[in-house]
Every structure is written in C-alpha cells, then in structure tokens.
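Reader: I have a structure open and a few things to sort out. Can we go through it residue by residue?

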Amino acid sequence: MPKRILQGKVVSDKNEQTVTVLVERRFKHPLLHKIVRSSKKYRAHDAQNQFKVGDTVRIVECAPISKTKRWTVLTEAAEASA
C-alpha cells in the first residue's frame, strides 16, 4: 500500500528534530453544498532541523518515531530521487 503524502505549512519548530505541520483540506459539505476548510496538525521528523516556521513542506507516513511522531518531512533530495 502506498504511503500517504500531505502538504502543509510549518507552524512550530521549537522541538529538536521535530516540526509541527498544519495540513488544511477542503471539501464540499454534504448537506450545505458549500466548500468547507478543515485543518489538522501533524508532528513530523526533521533530522537536520532545516525547516523553519512558515515553510511549505511535504510529509510522508513512516513507522512510529516517538509517542506523537508518525510522519517524516520529505527533503528536496529525496523527492528528486523518488
């Protein structure tokens, strides 16, 4: 099964090797037929501490790294080889 890849904005980089990414999704409400925005925060592993607040990043699912981290930030080098 392929791993999910999400795109979002870094909202916190205060922890060592961890960034908090806000991912926003848009969908049509089933009853109101209106576009609704829903957002969720994910904690992702950033080994080199290279991403700062405001950066747009892509994250990919991975095996659990800690209690809350189940995602890893995709770097540009990894995207080019994939």
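Reader: Where is asparagine 49 placed?
Author: This is a predicted model, so take everything here as computed. Asparagine 49 is in the loop between S3 and S4.

Reader: What is its phi, given that asparagine 49 is not a glycine?
Author: Asparagine 49 has a positive phi of about 50°. Most residues other than glycine have a negative phi.

Reader: Is asparagine 49 buried or exposed, or in between?
Author: In between. Asparagine 49 has a relative accessible area of 26%, so it counts as partly exposed.

Reader: Which loop holds glutamine 17?
Author: Glutamine 17 is in the loop between S1 and S2. Glutamine 17 is not a glycine either, and its phi is positive, about 60°. Its relative accessibility is 33%, which makes glutamine 17 partly exposed.

Reader: What does histidine 45 touch?
Author: Beyond four places in sequence, histidine 45 touches Gln17, Ile65, Lys69, Trp71, Thr72 and Val73.

Reader: Which strand is histidine 45 in?
Author: Strand S3, residues 35-45.

Reader: Why does histidine 45 count as buried?
Author: Its relative accessible area is 18%. Buried means under 20%, so histidine 45 falls on that side of the cut-off.

Reader: What joins the side chains of histidine 45 and lysine 69?
Author: A polar contact of 3.0 Å.

Reader: New topic. How many salt bridges are there?
Author: The count comes to three. One of them joins the side chains of arginine 4 and glutamate 61, at 3.1 Å from N to O.

Reader: What parts does the arginine 4 and glutamate 61 pair tie together?
Author: Arginine 4 lies in the segment before strand S1 (5-12), and glutamate 61 lies in strand S4 (residues 56-61). The pair therefore ties together parts that are 57 residues apart in sequence.

Reader: What are the accessible areas of arginine 4 and glutamate 61?
Author: Arginine 4 is partly exposed, at 45% relative accessible area. Glutamate 61 is partly exposed too, at 25%.

Reader: Which residue does arginine 26 pair with?
Author: Arginine 26 forms a salt bridge with glutamate 24. Their closest N and O atoms are 3.7 Å apart.

Reader: And which partner does arginine 37 have?
Author: Glutamate 24 again, in a salt bridge with closest N and O atoms 4.0 Å apart. Arginine 37 lies in strand S3 and glutamate 24 in strand S2, so this pair ties together parts that are 13 residues apart in sequence.

Reader: Which residues end up in one network?
Author: Glu24, Arg26 and Arg37, joined by salt bridges that share partners.

Reader: How accessible are arginine 26, arginine 37 and glutamate 24?
Author: Arginine 26 is exposed, with a relative accessible area of 58%. Arginine 37 counts as exposed at 59%. Glutamate 24 is partly exposed at 40%.

Reader: Last one. Where does threonine 20 sit?
Author: Threonine 20 is in strand S2, residues 18-28. Its relative accessibility is 12%, so threonine 20 counts as buried.

Reader: What is threonine 20 in contact with?
Author: Leaving aside neighbours within four places in sequence, the list is Lys9, Val10, Val11, Ser12, Lys41, Tyr42 and Arg43.

Definitions and conventions
Residues numbered from 1 in each chain as written. Predicted model: local features only at pLDDT ≥ 70, side-chain atom pairs only at ≥ 80, totals over all residues. Heavy atoms only, no water. Helix = DSSP H or I, 4+ residues; strand = E, 2+ residues; numbered from the N terminus. Buried < 20%, exposed > 50% of the residue type's maximum accessible area, 1.4 Å probe, protein only. Contact = heavy atoms within 4.5 Å. Polar contact = N/O pair within 3.5 Å; in protein donor to acceptor, adjacent residues only side chain to side chain.
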